[in-house]
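Work through the exercises below with the structure open beside you. Try each task before you read its solution.

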Amino acid sequence: MEALVCRKLGDPTLGNNSPIEVSKSEPIPELKSPTDVRVKVQATSLNYANYLQILGKYQDKPPLPFIPGSDYSGIVDAVGSNVSNFKVGDPVCSFAALGSFAQYIVADQSQLFLVPEGCDLLAAGALPVAFGTSHVALVHRAQLTSTQVLLVLGAAGGVGLSAVQIGKVRGATVIAVARGAEKIKFLKSLGVDYVVDLSNENVIESVKKFLKSRNLKGVDVFYDPVGGKLTKDCMKLLNWGAQILIIGFASGDIPVIPANIALVKNWTIHGLYWGSYRIHQPGFLEDSVKELLSWMARGLITVHISHTYSLSEARLAFSAIKDRKAVGKVMITLDDLKSVMSKL
């Protein structure tokens with residue numbers, strides 16, 4: 001089978017001496033358990049974590065060589081003798097620590113989710129990690145309500161857009177922070193209450209002006225996948241009793257949150273490594289993804305696909321992530337999705 005293989009650590013966007021290559025001779029994974037399911041991958045999502053992992057800068061460092069990957073969607077290709085939840089031909093989605101940048105992947109039936117009728121298979125392949133992260137963060141950890149103000153950094157990226165949409169589903173007042181006219185226009189089209197363009201606005205002054213216009217005291221929930229100086233600046237906008245959700249550090253700069261101010265202002269700081277829930281609370285994660293799929297089927301959330309590439313174009317796909325060109329998700333497709341969906 002074809003697969004994208006990382007044979008050494010480095011920047012996957014480099015044209016020469018790239019750490020990644022498309023191998024056409026990888027063995028098709030076999031079913032090793034009676035409850036295993038083999039999926040023919042149709043689409044797989046690129047997350048910033050995938051880029052960091054190939055660089056060797058992510059917290060999980062698999063031994064070389066490895067096939068990268070995370071969330072994906074596809075069609076059930078084979079099932080183990082004790083599989084009762086799925087049959088060959090079912091459309092499914094899931095997420096994996098590794099291995100989805102390939103034509104086939106094997107997972108236990110407990111780790112797969114049936115894609116509801118009417119849902120786009122490409123979108124389903126982008127759902128679990130980005131929307132799952134925001135769902136756990138906002139719904140379960142922060143318990144966001146309709147009376148609160150949510151501030152989202154990196155709001156036009158994969159996790160940022162998911163946070164904005166879930167914030168609106170929860171009825172909160174949503175403030176989105178992004179950079180560039182295209183991203184700002186798209187965020188406004190989603191019905192966000194207020195958008196800050198970092199390319200020409202000061203985030204503190206701009207948000208304070210909006211809060212005053214709505215007679216609001218400050219930000220109650222702060223969703224931060226960016227880090228750096230922007231995090232430090234935005235702390236000046238937080239209410240007493242605010243909740244800070246540490247999602248990631250796309251800026252490359254890990255911020256320092258002063259404990260004395262957190263104490264005086266009664267802030268709650270949540271570190272959120274979504275993938276670890278599979279180890280510690282897998283049932284919790286399962287319920288979360290199932291609710292998100294039901295929301296997608298009902299049209300409450302929409303996965304916006306910014307760029308789609310083939311496996312051989314992986315370098316371009318990673319460049320879209322690295323250079324922050326994406327508005328929403330970047331995907332790799334491994335088959336003709338239109339022909340696949342027409343057969344379902």
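The exercises that follow use a predicted model.

**Exercise 1. Sort the residues of helix α6.**
Find which residues of α6 (residues 203-213) are buried. Then find which residues are exposed on the other side.

Solution. 
- Step 1. Apply the cut-offs: buried is under 20% relative accessible area, exposed is over 50%.
- Step 2. List the buried residues of α6: Val203, Ile204, Ser206, Val207, Phe210 and Leu211.
- Step 3. Look at their directions. They cover an arc of only 170° around the axis, so they sit on the same side of α6.
- Step 4. Recall the helix rule. An α-helix has 3.6 residues a turn, so residues three or four places apart point the same way.
- Step 5. Turn to the other side of α6. Glu205, Lys209, Lys212 and Ser213 are exposed there.
- Step 6. Ask what the buried residues pack against. The partners are β8 (149-152), β9, β10 (194-197) and α7 (229-234).
- Step 7. Check the ends. Asn202 caps the N-terminal end of α6, with a side-chain oxygen 3.0 Å from the backbone nitrogen of Ile204. After α6 comes Asn215, which has a positive phi near 60°.

**Exercise 2. Follow Leu187 into the core.**
Which residues touch the most other members of the largest nonpolar core? What does Leu187 contact beyond its neighbours within four places in sequence?

Solution. 
- Step 1. This core has 55 residues, and Leu138, Leu187, Tyr223 and Met296 touch the most other members.
- Step 2. Find the largest share. Helix α3 (residues 127-141) gives seven residues.
- Step 3. List the contacts of Leu187 beyond those neighbours: Ala155, Ala156, Leu161, Val164, Ala176, Ala178, Val192 and Val195.
- Step 4. Note a second, separate core. It has 37 residues, including Val5, Val37, Val76 and Leu334.

**Exercise 3. Classify two aromatic pairs.**
Is the pair Phe95 and Phe113 stacked or edge-to-face? Is the pair Phe101 and Phe318 stacked or tilted?

Solution. 
- Step 1. Count the aromatic pairs in the structure: there are seven.
- Step 2. Take Phe95 and Phe113. Their centres are 6.5 Å apart, with 20° between the planes. Planes under 30 degrees apart count as stacked, so this pair is stacked.
- Step 3. Phe95 is in strand β5 (residues 91-95) and Phe113 in strand β7 (residues 113-114), 18 residues apart.
- Step 4. Check burial. Phe95 has 8% relative accessibility, so Phe95 counts as buried. Phe113 has 5%, so Phe113 is buried too.
- Step 5. Take Phe101 and Phe318. This pair is tilted: 6.4 Å centre to centre, 55° between the planes.
- Step 6. Phe101 is in the loop between β5 and β6 (104-108) and Phe318 in helix α11 (residues 314-322), so the pair ties together parts 217 residues apart in sequence. Both residues are buried.
- Step 7. Find the cluster. Phe95, Phe113 and Trp274 form one.

Notes:
Residues numbered from 1 in each chain as written. Predicted model: local features only at pLDDT ≥ 70, side-chain atom pairs only at ≥ 80, totals over all residues. Heavy atoms only, no water. Core = buried A, V, L, I, M, F, W, Y, C linked by side-chain atoms within 4.5 Å. Buried < 20%, exposed > 50% of the residue type's maximum accessible area, 1.4 Å probe, protein only. Helix = DSSP H or I, 4+ residues; strand = E, 2+ residues; numbered from the N terminus. Contact = heavy atoms within 4.5 Å. Phe/Tyr/Trp six-rings, centres within 6.5 Å; stacked < 30°, edge-to-face > 60°. Arc of directions from axis to C-beta. Polar contact = N/O pair within 3.5 Å; in protein donor to acceptor, adjacent residues only side chain to side chain.
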